[in-house]
Structure formats: structure tokens, C-alpha cells
Amino acid sequence: MKADLILFNGKIHSFNAETPNVTAVAIKDGKFIAVGNDSNVMEFAAEETKIIDLQNRRVVPGINDSHIHLIRGGLNYNLELRWDGVPSLADALRMLKEQVDRTPNPQWVRVVGGWSEFQFAERRMPTLEEINAIAPETPVFILHLYDRAIMNRAALRAVGYTKNTPAPPGGQIERDSNGEPTGLIIATPNAMILYSTLAKGPTLSYEHQINSTRHFMKELNRFGITSVIDAGGGFQNFPDDYKVVNELNEKKQLTVRIAYNLFTQKPKHEFEDFEDWIDTVKLHQGDDMYRHNGAGEMLVFSAADFEDFLQPRPDLPENMEAELEKVVRLLVENRWPFRLHATYNESITRFLNVFEKINQEIPFNGLPWIFDHAETIDERNIERVKNLGGGIAVQSRMAYQGEYFTDRYGAKAA
Amino acid sequence: MEVPVGGGSDATRVSSYNPWVSMYWMTVGKTVGGLQLYNESRLSRETALELYTRGSAWFSQEQAKKGDIRTGMFADLVVLDRDYFNIDDEDIKKIEADLTIVDGKIVYANGDFSSFSPPHIPILPDWSPTNIYNGYPTRSNLQSAIEKNSKATAKPSLTSQIHSCSGSCDVHAHSHDVARMSNVPVNNYNAFWGALGCSCFAF
Ligand SMILES: [Zn+2]
Ligand SMILES: [Zn+2]
Ligand SMILES: [Zn+2]
């Protein structure tokens, strides 16, 4: 067998105990056909084999992000100014000003997460005065973590928020002494107000969404990501909002492998969504680049904990167990893997009660299922997850919010 | 305990998608602002990498197909611009790929390997912020942002300031005050995480 591609002279990290420190790999038809030292692997070389000298560099397996919102992120990537890693607010505001200057009407400038004021030397967020001065005409929408969005007056005009606009439940529109919106909108604690306001902005055309998704994948490739599992997302409708990624797969233009979970968009009618998908979507349909992966991370809205640090932790409603049971029973009966957003140990205890009850009647029997986040899970519940064959997907959100919390607790402790 | 665990970011609306920032967090226990939040539960670099490769593969039931460099598995790998296993903690979050291969094809190449790069795709629309800043601000897009910016706006470059600020410098030292002066109840995980919470699914 002759290789399409050989990489040699590398420091290749493999988890395989038999080949912990190899230097070369041979690849054919998208698979490794040999992993070993330079001389073994070179035996797979033919005249047409492409051969690359790795120059003794470190090589690791492709990175796989098991919880990301790539599909939605890709549709918006080219629209968003990113402040990730920008070291000062002065830099961030200069970037904002430059982007405002080149953004045509009626487009907005939006900064949607990925930053916190604690990365800035000034250790503060921009003020409403600052963004109004920078952008008198162009709508500016800046999302801060889960808790607030800072909008300039042009953005308030674009979304039509006035003195008479009521805030949705769990959300707040900050008002001045005349009752006019100031531009600050706050999750108290329901983040719906933030995302529904963002959703009022213009989107990219389909062609530009294709382009945007390709550039987002390239950006992920820049950090070594080769696979992801997409956790769905609010306002991310199946199959409409999956057309772009589907077309890219058909054209063989995906550069990241995507497994996707289906996320219900219908509060109180979640069961109908899943019933419909079980009828119309074949489990694991697709191919090795783009593949269905079951249900979640939203299974029923009553099981979703909308907390942020400004608010006490609300208990999940009493009807949660009954609603969750109905949906999970359906999924288990149809052998659909599922994932569930679960932050607090208190919620996890209740979710596990539901799963164990179902398991008594319809054994999970190796059906893979996932808790997402699970940041406060205790040992006992980890044992229960293990007994039911579940897995836990962890993320690094605290790396972005830690100081916020610390400032709050530090002050309290003092 | 052998519960499967997968690494991830929950990007893009709160966290960044940069996996090396996550691995820095898992192995060093510091926030992006430099605050030390935990110490005892730091993972080894190998374990953090394993969560983000082999660990994650379980979550789509593809653990036999991907997550390792092994005969018969998908030819997905990354050549790093620096050696993850032999660099200082602070350098972990600066890691980028110099060569990324998916399904046996080169999808990204930079630095010493840039001659293997796939053709550039123009960024649309032309006013897109991506056209100037092109993603997470680190080494590889810095220079081009500086050049594009000076062409586009004929103003002093903001990225030159970003550049002078990457690495250990006065800017990052500021954050240590917060760590010194605070009393994080890291043993009370309930309060610790619970105070922050999450609603990522919401969008
Ligand atoms: Zn979630
Ligand atoms: Zn700095
Ligand atoms: Zn999520």
C-alpha cells in the first residue's frame, strides 16, 4: 500500500502505549496507514507521495471541542468584531471606532462575547457615553458574558426600544429619570432579552454565511481544531439553519468534522419537536465529516437553569420532572443519544432521579448520554452518572468569568 | 471513576473558541486575566490534551475512529508552533497550529509550512471585521492586521499596542492585585460555580 502523504522527523504524541514517541506517519485515503519511526514509515512512499519534513516539531492528535456552537457561530462570524485577547479597553474602543467607520448602513457593529473587562488593563467595561461618542449613527451592540448588553442610541432606534417598550419576564431595560431606555439591557436572570435583541439585527446573505462559516472553520483550524460536537442553540432551527453547513459538506468544503445535536426551539412543545425529528432524521445520518449525534443540549425548557451571578439560583419548576421524563423516555425508546445542559448539582440530582426511574422500566443499557457543564456535580452524582453509562462535557467558562466572581466574593469576605 | 469526560469551550457567545486558553486553564488554573483560581485540581498537560482529543471522541461515539494518532484512525493531526509539553505555563495560551490536517488533507498551514497552505478565500462582505482583525489576536494575524490597518485607515496601528502587550508585561501584572486581595472560597464549589451560573444554551 502506498501513501498519499508522509510526515516525518516529528515529535509525535500518541496515546497508544505501543507507540508513545513516534516520528512519522503515512496517510492514505484520509486514514493513518502507518505510525512509527522515519525508516518504517518511508517504506510506504511512492513516487507520487507528498512528503513533508516536520522539522522536529511537536505533533498532537487533532483537537476536538466536545461542546461548541460552531454552526450558529459560523453564520455570524464575519459580522462580529472579536475582543478575545485584546489587552486594553483603549485598544478595544479603537477597534470599535475603526469598524464603525467602515460599516455601511443598515449594518451593525456587534461584539458578542469572548471577552471580559478583567482582561483589560483598565479593568472596566466601556460606558454608554463612550460608545455613543464613537458611533452616533451606526448601531453598536456589545454583549457582556451572560448578564448584559450595552447598546448605543442608534441601536436602540434600530430595534425600536422606547419609553413604552416593556421588558420580557426575567429581563430589564434600564431607564433614565424620564423613563427612556439608556442602552443597557440586563438579564435578571433570563438571557432571552439579550439574545432576542441581538436577533433583531441584520444577518448576512446566504452566500456570505457560506463564506463566514468557512472562515470560522479556518480560524478553528488555526488552533488545531479538527473536530467538534455542535450543541445546537437558541434560534438555531433544524433544518433551515443547517443548510449552509450541509451545502459545505456536499461541496467537500468542511475543514472541521461536525457532529450535531438537535436542540428544541419550542417551550412546552418540546416532545413534538423530538417526535418529529425521530420520524424524519435517521440517527447518526450523514458521513464522517458531518453527522447527526442525537438530541440536546436543550431537551425541555423547564430543565434549563438561567442563572447569572447577579441573581440567586432559582429552583427549577415542579413540572420539570414530568416534562423531562416524557422526552427522555421517547429518546431512550428510540435509542437516541442525548445531552442535557446541567450546571448545578441540585438540578443534576433531580435529572438523575428522572433518568433512574426511566432506566427501571426501559434500561438505558449502554445508550450514551451526556451532562453538559456539570460544574458543581458532587461525587455521589458522578457515581450515579457512571452507573447509568453517562459522560460529562466540561468547558472553561470560568477562565473568562473568574475575576468577576472573585471581586464579588473578595469584597464580601473583607 | 471512569466517567467519560470531554474538553470543550462552549464558544462563541461567552467563551473564546481557542482550545489552548482552555488547556491553560485546566493545567494552570488561571483565568485569562491571570488570576489563580485553583491549584489542587490542576491537570497534567497530557491529561488536558487527552480530554480534548480522545475524551471528546466518546461524545459522538467515534472513539474508535478519532482522538489519537494510530493506524486505521482518521488522519487528523496538528503540528504545533511550539512544544506544548516543553514550554512555560504562560506560553500554552499562545499556541497555534503551523499545520493542520483533517481527513488526510492540509486545511491550514502557517510559518515554516506556509508553502503548503490552501489557497486564500476572500472574506465577504468586504467591510467584515474579519477582514482586518481576522480572529483571535495572536502572532500570526498581528502583522497582517497592522499592515491592513495602516492601509485602511492611515492611522497609528492599534495592534502594535496589542503586540507590545502580549506576554508578561505591566498590563498583566495589574490583575494580580485582585488575586492578592481576595479570598476565593474555592473549597465551596457550590458557591463558587453557582454564583456564576450559565445559560449558554440560550444562545
Ligand atoms: Zn449549556
Ligand atoms: Zn500584556
Ligand atoms: Zn452551550
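Student: Which ring does the charged end of A:Lys326 sit over?
Tutor: The charged end of A:Lys326 lies over the ring of A:Phe271, 4.3 Å from its centre. A charge sits over a ring if NZ of Lys or CZ of Arg is within 6 Å of the ring centre and within 35 degrees of the ring normal. This is a predicted model, in which local features need pLDDT of at least 70 and side-chain atom pairs count only at pLDDT 80 or more, while totals for chains, interfaces and linings use all residues. Residues are numbered from 1 along each chain as its sequence is written, chains are lettered from A in the order in which they are written, and side-chain values use heavy atoms, with hydrogens and water left out.

Student: And what does A:Arg257 sit over?
Tutor: Its charged end is placed over the ring of B:Phe74, 3.9 Å from the ring centre.

Student: How many aromatic pairs are there over all chains?
Tutor: The count is 26 aromatic pairs. Rings of Phe, Tyr and Trp (its six-membered ring) pair if their centres lie within 6.5 Å; planes under 30 degrees apart count as stacked, over 60 as edge-to-face and the rest as tilted. One of them, A:Trp83 with A:Phe120, is edge-to-face, at 6.0 Å centre to centre and 70° between the planes.

Student: Where do those two residues lie in the chain?
Tutor: A:Trp83 is in the loop between α2 (70-76) and α3 (89-102) of chain A, and A:Phe120 is in the loop between β9 (109-112) and α4 (128-134) of chain A, so the pair links distant parts of the chain, 37 residues apart. Helices (H or I, at least four residues) and strands (E, at least two) are DSSP runs, numbered from the N terminus.

Student: Why does A:Trp83 count as buried?
Tutor: A:Trp83 counts as buried because its relative accessibility is 0%. Buried means under 20% relative accessible area, exposed over 50%, partly exposed in between (1.4 Å probe, protein chains only). A:Phe120 is buried because its value is 1%.

Student: Why is the pair of A:Phe338 and A:Trp369 stacked?
Tutor: Their planes stand at 20°, with the ring centres 6.1 Å apart, so the pair is stacked. A:Phe338 belongs to strand β17 (residues 338-342) of chain A and A:Trp369 to strand β18 (residues 369-373) of chain A, 31 residues apart. Both A:Phe338 and A:Trp369 are buried.

Student: New topic: what is the strand order in the open sheet of 6 strands?
Tutor: The order is β3(A)-β2(A)-β7(A)-β2(B)-β3(B)-β4(B), with mixed pairing. At the edges stand β3 (21-22) of chain A and β4 (105-109) of chain B, each with a single partner strand, so one side of each has no neighbour in the sheet. Two strands pair if DSSP finds at least two bridges between them.

Student: How many bridges join β2 and β3 of chain B?
Tutor: There are 4 bridges between β2 (residues 77-80) and β3 (residues 97-102) of chain B, and the two strands run antiparallel. B:Leu77 has B:Ile101 in β3(B) as its bridge partner.

Student: What about β4 and β5 of chain A?
Tutor: Strand β4 (residues 24-28) of chain A runs antiparallel to β5(A), joined by 5 bridges. A:Ile27 is bridged to A:Phe32 in β5(A). The hairpin has 2 residues between the strands, and A:Asp29 takes a positive phi near 50° there. In β5 (residues 31-36) of chain A, 5 of the 6 residues are buried.

Student: How much of chain B counts as buried?
Tutor: Of its 203 residues, 60% count as buried. Chain B has 9 helices and 4 strands.
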